[in-house]
Amino acid sequence: QVQLVESGGGLVQPGGSLSLSCAASGIAFSIYAMGWYRQAPGKQRELVAVITRGGSTNYADSVKGRFTISRDNAKNTVYLQMNSLTPEDTAVYYCNADLTFRSPPRGYWGQGTQVTVSS
């Protein structure tokens, strides 16, 4: 049974930071591309960042220079460090595991974690 469990969301003030984690089980984690996606109210789900099995990364233009994706294959976990947060970053953030980076993504999804940026 595949499970992706996100954690680390919450309420943060503009300019603040949050770190998200996604722990995977039931898959051969190291061979998967791991991605973070987000969906704001009334909007489509969009790519935030992805890290391939080889460690290459890809970011949405809106988060470049502010967010960092990383992975720890020994812990079957992918991380998203988010800095300089703005209200436009408010969304439900989802973890995705796919055998390759593609659009639209396939594979497995977590249940999501809410990130709210507000003063």
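Q: Buried means under 20% relative accessible area, exposed over 50%, and partly exposed in between (1.4 Å probe, protein chains only). At what relative accessibility does Asp 61 count as exposed?
A: This is a predicted model, in which local features need pLDDT of at least 70 and side-chain atom pairs pLDDT 80 or more, while totals for chains, interfaces and linings use all residues. Residues are numbered from 1 along each chain as its sequence is written, and side-chain values use heavy atoms, with hydrogens and water left out. Asp 61 counts as exposed because its relative accessibility is 63%.

Q: Which residue meets Lys 64 in a salt bridge?
A: A salt bridge is a side-chain nitrogen of Lys or Arg within 4 Å of a carboxyl oxygen of Asp or Glu. Lys 64 is partly exposed, at 49% relative accessibility. With an N to O distance of 3.1 Å, its partner is Asp 61.

Q: How many residues apart are Arg 38 and Asp 89?
A: Arg 38, at 6% relative accessibility, is buried, and so is Asp 89, at 1%. They form a salt bridge, with the closest N and O atoms 2.9 Å apart. Arg 38 is in strand 4 and Asp 89 in the loop between strand 8 and strand 9, so the pair links distant parts of the chain (strands are DSSP runs of E, at least two residues, numbered from the N terminus).

Q: Which residue forms a salt bridge with Asp 98?
A: Asp 98 is buried at 3% relative accessibility. Its closest N and O atoms to the partner are 2.8 Å apart, and that partner is Arg 102.

Q: Which side chain of opposite charge is nearest to Glu 6?
A: Glu 6 lies in strand 1, residues 3-7. A polar atom of its side chain lies 2.8 Å from the backbone nitrogen of Cys 95, and one lies 2.9 Å from that of Gly 112. Glu 6 is buried yet has no salt bridge. Lys and Arg count as positive, Asp and Glu as negative, with His and the chain ends not counted; at 7.7 Å, the nearest side chain of opposite charge is Arg 45.

Q: Which residues does Ser 84 contact, leaving aside neighbours within four places in sequence?
A: Ser 84 lies in the loop between strand 8 (77-82) and strand 9. At 41% relative accessibility it is partly exposed. Taking contact as heavy atoms within 4.5 Å, its partners are Gly 15, Gly 16, Ser 17, Arg 66 and Asp 89.

Methods: Helices (H or I, at least four residues) and strands (E, at least two) are DSSP runs, numbered from the N terminus. A polar contact is a pair of N or O atoms within 3.5 Å; within protein, one must be able to donate a hydrogen and the other to accept it, and residues adjacent in sequence count only if both atoms are side-chain atoms.
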